[in-house]
Amino acid sequence: MQSKAMRDVFLASLHEEMAHDESIFFVAADFGSPILDKIRADYPARFINVGIAEQNLINVATGLALEGFKVFAYAIAPFITMRCYEQIRVNIAILSQIRDMNINIIGVGAGVSYAMSGPTHHCLEDLSIMRTLPNIEVFSPSDYVTAQSYVKRALKIKKPKYIRFDAQPLVALRDEVEDFDVGFSVLKEGERVAILSTGYMTHKAVSIAKELDIKLIDIYLINSYDKEKLQEALQECEVIFTLEEAFKNSGGLDAEINFHFKDKKVVNLGFEKKYTFEIGSREFVHQENGLSEDEILKEIKKH
Amino acid sequence: MNDSNYLKVKAKYVRIETLKIHKEAPETRVASSLSAIELFVSLYYGKILHFNSQNPRDDARDRFIISKGHGSISMYPLLADLGFFNKTELGNVCKNGSFLGGIPDPVIPGYETVNGSLGHGLGVGCGIALALKSRAKEQNVVVLTGDGELNEGSNWEAIMFAPQHKLDNLTLIVDYNKVSMLDFSKNIIDMNSLNEKFKAFNWDVYEIIDGHDLDEVYTVLHKVVHHRINKPKVVIANTIKGKGVPFLETHSLSHILSVKPEDIDTLIKELEDAE
């Protein structure tokens, strides 16, 4: 099966849209990709590299959005969320409650996609800090099919969004996203136990559950999924495991599910609340944090 | 339009009304609001800015971003007088349910952006200026900051950005009142020479020697805002924090000081009696 990077398919689709939608503006903080080079080359009037300056990236993006552009602001995930968090809060979360703004914050490098680069490039806080802001949709896809489907929605919905992309090429987990607004996909049926995961961890869940009677649900609209439909999907399940590349018990996907499924047994799986300096592959970093497949499986079997 | 007597009458009205608001709502930042009055009056009553009080977000308007939001309570009487909202609202500042707070937000007709956290306005102004230029629109973007506010690093990201993109539709006005919250600015971070700093960053630099001399303020702002020379422009306006309230004018803590109600009555009487 072919692996593709979410950002590549997303940017390729956006590049196509830019041909006929002149209201699309792309701003980057000195971070690129080969497909972004095509956007830069073909639409130089609607592409700006603000330099290594995330605060200004968000502020300039805000100004463009206030004037009616559909803006995409692009940088590495930990920097575009945390270096400029207050710019996002004031000029996007607060301001968008009063004024229409189609502004899309794209962070590349969700979780420990950049495993080797160490704690500054690991992004284990973004789900919780972006999720806590009102007025921003948080989109956390697990594959390029979902990522690509989001382009049309990003252009259509006149409100702020945070788009959390994995940095590594990953295989597709579905052929298409049938009803995007639902905000989650049931990838596999199961009876008693369900894993609710997002982003890269959904791939791990798929691998773990292959031979087992476990229901798999991939959540990609972290705040704005259809709550009733998820309740329905989980009706028969007795135990729910949340699984994410994020610090545990810190306000991420686990908090969202714990809040809405108080009547179920919910077990939260995620990163220990500490930074990982030991260098290694993504799987190594997972192992260091008790998230190897074996350990996750062991945890599931306890329940 | 420079009818200097008209501007003086309006500046007096704004100053008196600002003091009245402060009397009712002592939590407002009066000293910072007094330093910018002649700047506001020249921009609005002098029609340097194009605005439409009946449709505040009219696409034909110039975009004015007041980044030093809490220091713009003096905009309330001005906006009300120009018809942005009813003058009766001026009695409700900081009262339950009012849209006029101690720090203005864009729920107030005439305000563009969220204020209260410093160092945001210039970067947002750059984005607006870029958008207007890219759509070949003629409107101007004017941003007002304080000098203490320039301590915020985000401003300097924007100060580097604006000349790179030749944002000559952008004018930054620095209300250079030289007092931050806890002390005179020079004792905290000495911004001198602001002039040289902006020149080094490739801005077109202008100075207003006396930011309370309406003739000078009007003349410089009128020239600069409409002037386009391939560069962003900055006007450094030397002002006095607390202008019109003698004990504030020299006090290092003027930003956080309130004026006693009985003193306000005396000051207003003096202002009313003055020629």
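I'll start with A:S142, which sits in the loop between β6 (137–139) and α7 (144–156) of chain A. Helices here are DSSP runs of H or I with at least four residues, strands are runs of E with at least two, and both are numbered from the N terminus. This is a predicted model, where local features need pLDDT of at least 70, side-chain atom pairs count only at pLDDT 80 or more, and totals for chains, interfaces and linings use all residues. Residues are numbered from 1 along each chain as its sequence is written, and chains are lettered from A and ligands numbered from 1 in the order in which they are written.

Is A:S142 buried or exposed? A:S142 is buried, because 29 other C-beta atoms lie within 10 Å; the cut-offs are 20 or more for buried, 12 or fewer for exposed, and partly exposed in between, with C-beta atoms placed from the backbone. Beyond four places in sequence, its contacts include A:L173, A:T198, A:H203, A:D218 and A:Y220, a contact being two such C-beta atoms within 7 Å. A:Y220 is 78 residues from A:S142 in sequence, yet 7.3 Å away in space, C-alpha to C-alpha.

Next, the interface. The contact takes 22 residues from chain A and 20 residues from chain B. On the chain A side, α3 (54–66) and α5 (85–94) each supply at least two residues, and α3(A) gives the largest share, nine residues.

Last, chain B. Its secondary structure comes to 11 helices and five strands. Its C-alpha trace spans about 50 × 45 × 35 Å along the principal axes. Of its 275 residues, 51% count as buried.
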